[in-house]
Structure formats: C-alpha cells, structure tokens
Amino acid sequence: MIKEEIIKILSEFPLFHELNNHEIGEIASISITREWNKGSHVFFQDEPIENVYFIFEGKVKIYKTDMEGKEQIVSLLKKGDMFPHVGFFRKGGYPAFSEILENSILIVIPIAQFEKVLIENPDLCIKVLKVLGEKIIDFQERLESQILNNTYQQIIKLIIRLGKEHGQVLRDGSILLKSEFTNRDLARMIGTTRETVSQPYANKT
C-alpha cells in the first residue's frame, strides 16, 4: 500500500484527527499495512514488544492465560482501536496474546520509531497519554468490580460496558448490543464459568 493510502487510513483514527498532513505523513512513512486471517495471532504473550497496531478493519481479542491454560479475556478491540497500550516507553514482552476474531487489516508501526515521532510531536504524545490514562481507569474500574461486586452485578456492568463500546445507539436513545458475544466469552471477561453466566439470577444474593 502506497504512502498516500496509509495517510488516508491513519487520518480516520480519532487519535490522529488533529494532525496536519505533514505530521500524519511522518507516521505513515514508518507504517505498513498487513492482513491477518481469522484465528491467527498478531503476537504471543511474552514475545519481545516490537510494534504497535491500529485496527483499520476487523476485530481482535486480547487475552491472557494462566499456568493451567485457562483464558482470561482482557479486551475485545474493533476498528479504530490501538493495541497494545503497554508498549510505549517500556521494554520487555507483550503481556498478553492477541487473536484475530475476523479477517482484519492492521496498520503496523514499529514502537521505537513511533516513540521518536511522539517525542517530536508533543500534542500527539499528550493524546496518546490520554488514551493510556483512559485504559488505566477502565482496568481499575473492572478490578474494583471484581473485588466489590458479586457475579450477577459483574455481568450487568460488563453488558453495559460492551453496549457502550460495541452497541448501536437507537433513535429512542437505547442501545442495541447484537449477540456477537457467547456466554463463554462473557465468562472469560470476568473470570467465571459459562454455566454461571447462563444463570446470572442465581447470583443476585
């Protein structure tokens, strides 16, 4: 994909909306586009952190596994999202797995070069830090939910969050969340079993 096409794609991401053509051009010059098929992985947990990714098309699941292979879904990402959020100014390995949920097109930017662009463009750096701050708050709220709420309350809060992130706002102001998430997915997001999610009312008390 030529640089002009990458510039057009990057300009559609909220993170880059306020950048001028020259600034976006700098990012495009270090970017490439790649296609991933459903079921493939962008990176594996503990692999050296090398790139940051922007989703142009498709969906990506970020998840961790424990010593027994049990899966915990960290987040479900869609068009316009960036990942991983821990890669900037940090050395080490990826903290989770990233699996393609449907055929996807991603913008790939080497982290070392992107960090240089951020340092040279303070306004963009501030916007990235705001995104990271929002993610930290989201993770804190989810952790508090697991500590303070019973399973039923966690499921309700999870559905509300998924509605805000993936739902469609209808004319009357209500939110339509299509059944793209299985009970197993919901269970893996809050660290419980599929059977528990299937019978949430049993956990009210």
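## Basis

A residue is buried when its relative accessible area is under 20%, exposed when it is over 50%, and partly exposed in between (1.4 Å probe, protein chains only). Helices (H or I, at least four residues) and strands (E, at least two) are DSSP runs, numbered from the N terminus.

This is a predicted model: local features need pLDDT of at least 70, side-chain atom pairs count only at pLDDT 80 or more, and totals for chains, interfaces and linings use all residues. Residues are numbered from 1 along each chain as its sequence is written, and side-chain values use heavy atoms, with hydrogens and water left out.

Strand β6 spans residues 97-110. Of its 14 residues, 10 are buried, so β6 is largely enclosed by the rest of the structure.

Two strands count as paired if DSSP finds at least two bridges between them. Strand β3 (residues 51-65) runs antiparallel to β6 over 11 bridges. In that pairing, I62 stands opposite S98. Strand β1 (residues 32-36) is also antiparallel to β6, over 5 bridges. Here W36 faces S104. Strand β2 (residues 41-43) pairs with β6 in the antiparallel sense over 2 bridges. H41 of this strand stands opposite E99.

A salt bridge is a side-chain nitrogen of Lys or Arg within 4 Å of a carboxyl oxygen of Asp or Glu. The structure holds 2 of them. One joins K61 and E71, with the closest N and O atoms 3.0 Å apart. K61 lies in strand β3 and E71 in strand β4 (residues 71-77), so this pair ties together parts 10 residues apart in sequence.

The side chains of E99 and K61 also form a salt bridge, at 3.5 Å from N to O. E99 belongs to β6 and K61 to β3, so the link spans 38 residues of sequence. Shared partners join K61, E71 and E99 into one network. Are these residues buried or exposed? K61 is buried at 8% relative accessibility. E71 is buried at 15%, and E99 is buried at 19%.

K61 has a further contact. A charge sits over a ring if NZ of Lys or CZ of Arg is within 6 Å of the ring centre and within 35 degrees of the ring normal. K61 lies over the face of Y63, at 5.0 Å from the ring centre. R34 lies over the face of W36, at 4.2 Å from the ring centre.

## Helix faces

Helix α1 covers residues 3-10, with I6, I9 and L10 buried. These three cover an arc of only 95° around the axis (taken from the directions from the helix axis to the C-beta atoms), which puts them on the same side of α1. The face turned away from that side carries the exposed residues E4 and K8. Contact means heavy atoms within 4.5 Å. The buried residues of α1 pack against α2 (21-28), β1, β3 and β6.

Helix α3 (residues 111-120) buries I111, F114, E115, V117 and L118. Seen down the axis of α3, they fall within an arc of 160°, so they line one face of the helix. On the other side of α3, A112, K116 and I119 are exposed.

## Aromatic pairs

Rings of Phe, Tyr and Trp (its six-membered ring) pair if their centres lie within 6.5 Å; planes under 30 degrees apart count as stacked, over 60 as edge-to-face and the rest as tilted. The structure holds 10 such pairs. F43 and Y53 form a tilted pair, 6.0 Å centre to centre with 35° between the planes. F43 is in β2 and Y53 in β3, 10 residues apart. Both F43 and Y53 are buried.

F54 and F114 pair edge-to-face, at 6.1 Å centre to centre and 90° between the planes. F54 lies in β3 and F114 in α3, so the pair ties together parts 60 residues apart in sequence. Both F54 and F114 are buried. Ring pairs also link W36, F43, Y53, F83 and Y94 into a cluster.

## Backbone notes

F83 and P84 are joined by a cis peptide bond, with omega about -10°. P84 sits in the loop between β5 (82-83) and β6.

D46 is not a glycine, yet its phi is positive, about 80°. D46 lies in the loop between β2 and β3. D46 is exposed, with a relative accessible area of 61%.
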